[in-house]
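Subject: Structure for your review

Dear colleague,

Please find the structure below, followed by a short account of what was found in it.

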Amino acid sequence: MKYLKVIAFTHKQIELKDLGRLVICQENLIDKLQEVKKEFLISEIFYLGTCNRVEFVLVTDQVVDMAYTERFLNALNIGVCHHSMGTLLHGVTIYEDQEALNHLLRTSCSLESLIVGEKEILPQLRKAYEQCREAGLTGDFLRMAMNCVVKAAKEVYTNTNISKNPISVVSLAYRKLKDFNLCSNARILIIGAGETNQNISKYLQKHKFSNFAIFNRTISKAQQLAKDLNGEAFTLDALKDYNKGFDVIITCTSAVDPIITPEIYTSLLNGETGKKTIVDLAVPNDTAPEVLEQFPVNFIEVHSLNEVAKRNLQERYHELVHAEAIIGENITEFLTMLKQRRIELAMRQVPEKIKEIRNNAINTVFFEEVQGMDEQSREILEKVINYMEKKYISVPMIMAKDILINSQQ
């Protein structure tokens, strides 16, 4: 456990606009992680980036402190300037050993989320891990840790009321959008076809909105969402030429730089001068600050949902106690499983060694005696040796596990 480390940048210590500087484009993510994995002698690694957190989960015997974190961020080469680096390092939290596992479990159960009780974080965490696993960035330890993470989260959501009448960043954003009393045929531009926009689209569809244009870097994803919404699909590049006007922009992409610039916004207005609405759930924001300065806009962003999130936490406070108890039980269970796994790994060569001894005995040490036996005697000897071989393999494993269990009582 002492090699498990988490470098966490979250909404609790860092402004979301600063947090956005750490977002890594999906196109470059795996290459960057492979580079730092090699350079920093990291055994396993995965990256989690959501609307309110950026975290790096590491398995390494290196000392992970502020100096390490600064070198690590610089090596990622994501353009963090000196001033921003100071802000980020001031707000970073570094977990290790059992505290790191506890943090991952709390995160998966939404106890560390902006909206306690939301269920979006678990699939986000699993997806982040799977992406890195498929790229060969993780191994046996994080596999076991993630099994524990998923199991604990499911137990918390099943056995507590923490997610009763669930709300999420998406649902809060939709509630604020609804306050503007839009008509059902309002012209809605959806920029990005990822999970967040898919989720908010379900709310829009449920409440009978029907006029959609979807823009996405990958056209096939835009087409799929457009099919679900009976809307039009475009590539992201087509945004600058879109001339049908709009009433609402809903945007959430993984872009590092703003997508809605003053030039793009002016073009999208197509001569209209009325006040429009932008729902920007991206971190960093897809909307350039100049747009808000130069145009009349109703602006909804993740940061503006904080007060509602605080009230939500107070309402669910009593459920936190039950959730933390479940987390504690899962950590205890994981520590036992980890010790058992270490025994299995330490003893995995036992079967091969026993087979070597067996073959050496029959083919070298007692070769002449065995050759002098009749066929029936050889069969009996073979049965005896096979029986003893199985016992010599299983008995030490059973005894080791018994010793482990008894030592914990």
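An open sheet is formed by 6 strands in the order β7-β6-β5-β8-β9-β10, with parallel pairing; strands are DSSP runs (E, at least two residues) and helices likewise (H or I, at least four), numbered from the N terminus, and two strands pair if DSSP finds at least two bridges between them. The edges are held by β7 (232-235) and β10 (297-301), each with a single partner strand, so one side of each lacks a neighbour in the sheet. Direction ignored, neighbouring strands are turned by 15° against each other on average.

This is a predicted model: local features need pLDDT of at least 70 and side-chain atom pairs count only at pLDDT 80 or more, while totals for chains, interfaces and linings use all residues. Residues are numbered from 1 along each chain as its sequence is written, and side-chain values use heavy atoms, with hydrogens and water left out.

Within the sheet, β5 (residues 187-191) and β6 (residues 211-216) run parallel and are joined by 5 bridges; Ile188 stands opposite Phe212 in β6.

Elsewhere, helices α6 (residues 121-134) and α7 (residues 140-159) pack at about 170°, their axes 11 Å apart; axes are lines fitted to C-alpha atoms, for helices over the stretch in contact, and angles run from 0 to 180 degrees between N-to-C directions. α6 is therefore roughly antiparallel to α7 (an angle over 145 degrees). Residues in contact (heavy atoms within 4.5 Å) include Leu125 and Tyr129 of α6 and Met146 and Val150 of α7.

Yours sincerely

Key. Parallel < 35°, antiparallel > 145°, perpendicular 65-115°, else oblique.
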